[in-house]
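Subject: Structure handover and notes

Dear colleague,

Please find the structure below, with the sequence alongside. My notes come after it.

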Amino acid sequence: MKAMILAAGRGERMRPLTDTTPKPLLKVNDKSLIEYHIEKLKNVGIKDLVINHAWLGDVIEKSLGNGGRYGVRISYSPEQQGGLETAGGIRHALHLLGNEPFIVVNGDVYSEFDYAELVNLELGDALGCLYLTDNPDFHPQGDFCIRDGYLDLTPELTFSGISVYRPEAFKDIPDERAKLKPYFEKWSADRKLLARYLNAYWCDVGTPERLNNLDLRLRHQEK
């Protein structure tokens, strides 16, 4: 099983921090956000990783290298300036992801969720599975909900940015800029998208304030 870490975003709300540092390389408790994902994936046996990038991609590649020092193998999927959005980015990297279901994780989230659940997930005939979490204060309206184990478009919970997909879900998507939500809507209507509740601490590290709060949380945990 392989995994893709999404790292192509510009991180506008994080400026000026992201003017010189890609958002996934911002640090909390002296470790970059993306390193937490790499280590968590490696710890559950995922050693082949794909990372896409568009903003300061050379900085990401120089920082992480080929993954050897983490005990993994990293392949990179460079994108055009401005990126390809999530669906386009996954489609563009499909040739690196193989023929089996793969994990996708947003590089700018932090979670204490056990990734072993992703490895052991049974998709059946579904095209994928999204993990939903409680709505944070900054996104009270939510995105989707879970109905009988499937994704429903009623906004009750928030998409965590953690998911598993079959590669065939993306094969008919054009290799160009494309958002993922329209495909969620189609797959959900066809009852082809599972949903599970993410029962663990989770944080979308989208602003300097959230970055600082997470840093304080992790440092306090070590005491």
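This is a predicted model: local features need pLDDT of at least 70, side-chain atom pairs count only at pLDDT 80 or more; totals for chains, interfaces and linings use all residues.

Residues are numbered from 1 along each chain as its sequence is written, and side-chain values use heavy atoms, with hydrogens and water left out.

Nonpolar cores

The largest nonpolar core has 32 residues, and L49, I51 and L64 have the most contacts inside it. A nonpolar core here is a set of buried Ala, Val, Leu, Ile, Met, Phe, Trp, Tyr and Cys residues joined through side-chain atoms within 4.5 Å. Buried means under 20% relative accessible area, exposed over 50%, and partly exposed in between, with a 1.4 Å probe and protein chains only. Two or more residues each come from β1, α1 (33-43), β4 (48-53), α2 (57-64), β5 (73-78), β6 (102-106), β8 (128-133) and β10. Of these, α1 gives the most, with three residues. Helices (H or I, at least four residues) and strands (E, at least two) are DSSP runs, numbered from the N terminus.

Leaving aside residues up to four places away in sequence, L64 touches L25, I34, E35, I38, I51, R69, Y70, I74 and Y76; contact means heavy atoms within 4.5 Å. Another core, of 27 residues, lies apart from the largest one and includes L6, A93, L97 and Y165.

Strand β8

Six of the six residues of β8 are buried, so the strand is largely enclosed by the rest of the structure. In a regular strand the side chains alternate between the two faces of the sheet. Here G128, L130 and L132 point one way from β8, and C129, Y131 and T133 point the other way.

β8 has two pairings to note, where strands pair if DSSP finds at least two bridges between them. Five bridges join β8 to β10, and these two strands run antiparallel; the bridge partner of T133 in β10 is T158. With β11 (residues 193-197), β8 pairs in the parallel sense, also over five bridges. In that pairing Y131 stands opposite R196 of β11.

Aromatic rings

The whole structure holds 13 aromatic pairs. Rings of Phe, Tyr and Trp (its six-membered ring) pair if their centres lie within 6.5 Å; planes under 30 degrees apart count as stacked, over 60 as edge-to-face and the rest as tilted. F170 and W187 are an edge-to-face pair, at 5.7 Å centre to centre with 80° between the planes. F170 lies in the loop between β10 (150-165) and α6 (181-189) and W187 in helix α6, so the pair ties together parts that are 17 residues apart in sequence. Both residues, F170 and W187, are buried.

W187 also pairs with Y183, this time tilted, at 6.0 Å and 40°. Y183 and W187 are four residues apart in helix α6 and therefore separated by about one helical turn. Y183 is partly exposed, at 22% relative accessibility, whereas W187 is buried, at 5%. F102, F144, F159, Y165, F170, Y183, F184 and W187 form one aromatic cluster.

There are also charges over rings, counted if NZ of Lys or CZ of Arg is within 6 Å of the ring centre and within 35 degrees of the ring normal. K31 lies over the face of Y36, at 4.9 Å from the ring centre. R217 lies over the face of Y201, at 3.5 Å from the ring centre.

Cysteines

The search for disulfides (cysteine sulfur atoms within 2.5 Å) found zero in the whole structure. For C145, the nearest cysteine sulfur is that of C129, 14 Å away. C145 is buried, with a relative accessible area of 0%, and C203 is buried at 10%.

Backbone

Most residues other than glycine have a negative phi, and most peptide bonds are trans. R15 and P16 are joined by a cis peptide bond, with omega of about 10°; P16 is in the loop between β1 (2-6) and β2 (27-28). N29 has a positive phi of about 55°; N29 lies in the loop between β2 and β3 (31-32) and is buried at 13% relative accessibility. E85 has a positive phi of about 65°; E85 lies in helix α3 (residues 85-92) and is partly exposed at 29%.

Regards
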